[in-house]
Amino acid sequence: MNKTTGFATLAFVAVLLISLDTLHAADSPSKSLPLAGEVLLVEGRTAFVIPPEVKSTQKATPWVWYAPTLRGLPGTAEKWMFERFTKAGIAIAGIDVGESYGSPKGRAQYTALYEELTAKRGFSPKPIMLGRSRGGLMTLAWAAENADKVGGFAGIYPVCNVASYPGTARACGAYDMTAEELSSRLKDHNPIDRLAALAKAGVPLFAIHGAKDKVVPLEANSGEMHKRYEALGGKMQLIVPPDQGHNMWRGFFTCGELVNFVIAQAAIARAGDNADELRKALEEAADEHKQGVQFLIAHMPERDLKSLSAEFLLSNVRFAYKAWNEAPWKAQIDKDMFLNDVLPYAVINERRDDWREDFHKRFSPLVAQAKSPSEAAAMLNGKIFGMLKVRFSRQRPKADQSPYETIEAGMASCTGLSVLLVDACRAVGIPARLAGTPLWVDKSGNHSWVEIWDGRWHYAGAAEPTGDTLNRAWFTGKAKTARADHRLHAIYATSFKPTGIRFPPSWNRKIDYIHAVNVTERYASTESKDEEKQPGEESSSSFDVEASMHAVAQLKTFLKTAANQRPPLAEQGFATVALTKEHAKEAELLLRKDHVERIKRTRADEMKSRVLADGDLRMPFHYTISGKKPKNGRGLYISMHGGGGAPKQVNDRQWENQKRLYQVPEGVYLAPRAPTNTWNLWHQAHIDGLFDRLIENLIVFEDVDPNRVYLLGYSAGGDGVYQLAPRMADRFAAAAMMAGHPNETSPLGLRNLPFTIQVGGNDSPYNRNKVAAAWGEKLDALQKDDPKGYVHWTKIYQGKGHWLNREDAAALPWMAKHTRNPLPKRIVWKQDDVTHSRFYWLAVKPEKRKARSQVAANLEGQQFDLSTEDIDELIIRANDRMLDLDKDITVISQGKTLHRGRITRTIGSMAKTLAERGDPTSIFSGEIVVDINSETE
């Protein structure tokens with residue numbers, strides 16, 4: 001995009017940071033929240049409280065104080081974080097103080113909320129402040145003069161410096177001062193100049209801030225605060241994503257370090273006299289270990305918060321990381337798996353022994369030759385109990401023995417033996433957890449055993465070795481009869497972090513702090529007559545079918561869990577199990593149904609209000625429906641208005657005109673209002689995501705046929721069609737450009753998108769007429785070289801200027817003749833300056849996206865043929881509508897064979913590709929990553 005870049009940037013910033021005259025406190029207590037909560041008025045200002053999912057055992061409820069609480073905020077971006085806070089027993093609250101910029105008036109309103117929640121509702125006197133963007137300014141300003149009332153501060157690209165943003169000229173009105181007065185008194189109000197009290201009080205700070213942030217520059221805000229705070233003796237953790245700016249990058253809002261920091265600080269507030277030990281552990285941990293310490297503090301039960309020493313935690317964390325880094329299988333164990341199933345120092349409620357270093361030294365030599373977690377776990381199960389002279393006995397001192405209690409007694413219950421084996425596995429870097437049932441269905445008693453992660457969860461009876469294999473045990477048959485819907489007859493596996501489910505220990509039913517997942521379906525769903533064989537074991541020729549059936553059964557159980565209580569689907573073992581064609585169809589239907597229910601549940605408000613949000617940006621839309629709905633769903637016509645580079649009221653009039661400019665005999669005619677008023681209002685990067693969301697919503701709420709979505713626009717809207725159509729060609733059935741200009745965009749991506757150009761012969765500004773004719777000639781040439789592609793119609797209306805007197809409406813019935821093919825045999829993918837991660841059945845990893853890169857791909861039979869000079873890695877996606885996934889496929893490029901083999905159908909692939917766009921006709925059941933520069937035999 002090559003017009004007036006400076007003006008476009010300034011306009012984008014102006015919209016992104018929403019001016020004072022467009023934001024104000026609500027007149028009534030109504031607000032849309034990302035999670036269920038209460039909306040209330042505090043001194044006439046709208047406030048909210050989202051209660052914790054798990055009720056805190058403390059008298060005072062821990063809470064996160066979120067800002068800014070403006071219209072649309074907090075939004076869906078915060079949902080991931082908020083779910084984890086509430087699961088950890090932490091409430092979230094905030095108050096709309098308008099664009100206060102941290103002014104005394106805004107701070108006074110913050111104090112009113114603080115008093116409401118702490119004095120009247122029993123909330124903790126030390127909340128954790130969480131400021132996003134200018135919310136940092138609001139929270140830090142209040143925290144600076146209330147340091148004794150703050151448990152910590154976390155920020156997502158937080159504003160820390162009024163002088164940097166919004167500047168004294170803009171902020172002075174909120175302070176009831178002139179710009180000169182505010183500048184002269186800035187040190188009395190500016191958070192970055194008032195850090196001393198926070199440092200003296202020992203308040204920890206955290207921020208994640210993009211290195212390329214031009215709106216709230218890192219150097220003048222989080223970077224400067226970090227430097228000053230450390231100089232004052234304070235502690236601040238700063239994460240700087242190198243390639244990110246002030247945007248909606250998901251990594252900002254799914255930052256595990258931020259979540260663990262917040263939960264850990266809330267936990268420390270509950271630690272009583274032991275708080276200093278926990279702070280010491282955080283302060284003295286090596287930088288590469290801090291996240292581990294935070295994770296443990298964040299999720300440890302209250303008994304541990306009040307008793308564990310810094311030395312205990314630091315030793316445990318140090319040797320856990322050592323084992324992980326030394327393990328040959330480290331690459332298979334991601335960070336989240338390590339944190340939850342290797343790092344923890346305890347399994348259930350056992351005595352807290354300092355076993356980690358000892359076990360690491362004792363047991364590492366036993367598994368030195370092991371190549372996989374399964375192999376190593378089988379070795380440990382076969383060796384350590386004899387080595388330690390420990391056996392099963394009902395005469396053991398107690399059921400829930402710690403490892404050293406078991407070694408000292410020389411005997412243990414199945415639970416004590418399982419705890420010992422889990423700890424031994426963790427000591428050498430194997431993810432492990434205890435599994436068990438409180439009561440078998442036949443009421444013959446309870447039982448505990450061990451689960452091992454090796455690509456999926458496998459099981460073993462502790463001190464019941466079965467050679468070098470897992471998934472064989474005397475209780476296999478009993479486990480098949482377990483009932484997932486019965487609290488006592490279900491099978492559970494422990495988790496250190498909260499899951500929303502409690503492990504019910506049969507030895508002490510009063511214990512309620514052992515977290516768990518219900519894994520019954522993994523044991524109960526198989527119908528194999530051989531009780532020795534289980535899904536996950538590759539010795540049987542029927543393994544694939546059984547494992548596939550089992551995975552679908554687990555998916556059903558997973559989807560029955562409330563959406564806000566589900567762990568990430570991609571982390572579930574069943575997500576990577578190979579599926580049969582029939583089971584893939586069944587799983588796809590289940591995922592599609594769940595997706596529709598989620599969209600209806602979470603997006604009803606935005607459809608009712610007819611406004612979509614992307615951070616601080618808003619895109620209102622208006623639509624009408626006409627005609628009888630066809631069997632496969634309605635058509636959708638997205639019609640973009642003109643204007644741009646003009647005052648808001650001008651663009652508003654253009655939007656009103658666009659609402660009634662065209663009519664369609666059948667379908668949804670939808671006119672969105674551009675989120676900005678810049679010259680490039682329809683082809684900035686945020687438009688792509690907003691249109692994706694819009695299409696996804698209309699598919700669900702108005703039964704739109706995803707293969708009959710059409711794009712059109714007039715004038716500046718035509719500019720948008722020129723730019724969006726090639727880069728989003730896989731979303732549309734056809735596109736119509738009226739009276740616009742393409743700037744630098746290439747038509748190459750239009751290979752599978754019918755495209756019409758409608759321009760007046762006398763429309764000479766910006767050479768629209770000449771450029772339109774030239775584009776028509778380009779498309780002629782492209783179609784000549786590729787006769788099955790580049791369908792187009794170029795119409796230059798002689799004697800017409802910029803206004804075509806509605807004759808261009810002929811484009812709509814021309815478009816309506818076309819239906820999208822979501823799985824074309826040939827693809828030409830030309831990236832624009834706004835890049836995408838997927839295009840039809842091709843994809844690239846987000847970090848591999850490259851502006852202006854190009855790839856052509858052909859599918860013939862079972863063979864993919866790729867051609868590219870500037871991409872080194874591609875993802876090929878496939879489903880059974882494209883080819884036979886039960887047969888080998890081949891990938892070639894320039895005569896080289898890059899890949900030969902099967903593409904595996906998995907639930908994970910289907911769930912991921914559905915979640916990306918919500919397009920039911922573009923779900924891919926499998927994918928492969930291809931190195932363009934490699935060659936296979």
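**Briefing on a predicted 937-residue chain**

Strands E1 and E2, the latter covering residues 45–50, pair in the antiparallel sense through five bridges. They belong to a predicted model, in which the protein chain has 29 helices and 32 strands.

**The eight-stranded sheet**

- The open sheet is formed by eight strands, which follow one another in the order E1-E2-E4-E3-E5-E6-E7-E8, and its pairing is mixed.
- Strand E1 (38–42) and strand E8 (236–239) stand at the edges of this sheet, and because each has a single partner strand, one side of each is left without a neighbour in the sheet.
- From one strand to the next, the twist averages 20 degrees.
- Helix H3, which covers residues 104–120, lies across E1, E2, strand E3 (63–67) and strand E4 (91–95), and it runs at about 155 degrees to E3.

**The chain as a whole**

- The radius of gyration of the protein chain is 30 Å, which agrees with the value near 30 Å that a compact globule of 937 residues would have.
- Along its principal axes, the C-alpha trace of the protein chain spans about 100 × 75 × 50 Å.
- Of the 937 residues in the protein chain, 61% count as buried, while the accessible surface comes to about 36,500 Å², with 49% of it belonging to carbon and sulfur atoms.
- Among the contacts in the protein chain with a separation of 6 or more, 69% are accounted for by residues 24 or more positions apart.

- Helix H10 (residues 256–268) has 13 residues and reaches 18 Å from its first C-alpha to its last, close to the 18 Å expected at 1.5 Å a residue.
- This helix is mostly covered, since 13 of the 13 residues of H10 are buried.
- Gln-265 lies in helix H10, and with a relative accessible area of 6% it counts as buried, because that value falls under the 20% cut-off.
- Once its neighbours within four places in sequence are left aside, Gln-265 is in contact with Ile-128, Gly-151, Pro-204 and Leu-282.

**Helix H11 and Asp-276**

- Asp-276 has its place in helix H11 (residues 275–284), and its relative accessible area of 56% makes it exposed, because that value is over the 50% cut-off.
- Although Asp-276 and Ser-309 are 33 residues apart along the chain, their C-alpha atoms are separated by 9.3 Å.

**Helix H25**

- The 17 residues of helix H25 (residues 685–701) should span 24 Å at 1.5 Å a residue, and its end C-alpha atoms are 25 Å apart, which agrees.
- Because 14 of the 17 residues of H25 are buried, this helix is largely enclosed by the rest of the structure.
- H25 is followed by Asp-703, for which phi is positive, near 50 degrees.

**The E30–E31 hairpin**

- Strand E30 (residues 889–893) and strand E31 (residues 896–901) run antiparallel and are joined by five bridges, and the bridge partner of Ile-889 in E31 is Gly-901.
- The hairpin that E30 and E31 form has two residues between the strands, and Gln-894 in the turn has a positive phi of about 50 degrees.

Note on methods: Residues numbered from 1 in each chain as written. Predicted model: local features only at pLDDT ≥ 70, side-chain atom pairs only at ≥ 80, totals over all residues. Heavy atoms only, no water. Pairing = 2+ DSSP bridges. Helix = DSSP H or I, 4+ residues; strand = E, 2+ residues; numbered from the N terminus. Axes fitted to C-alpha atoms, helices over the stretch in contact; angles between N-to-C directions. Contact = heavy atoms within 4.5 Å. Rg over C-alpha atoms; globule rule 2.2 N^0.38 Å. Buried < 20%, exposed > 50% of the residue type's maximum accessible area, 1.4 Å probe, protein only. Areas by Shrake-Rupley, 256 points an atom, 1.4 Å probe, with all protein chains shown as cover. Expected span 1.5 Å × (residues − 1).
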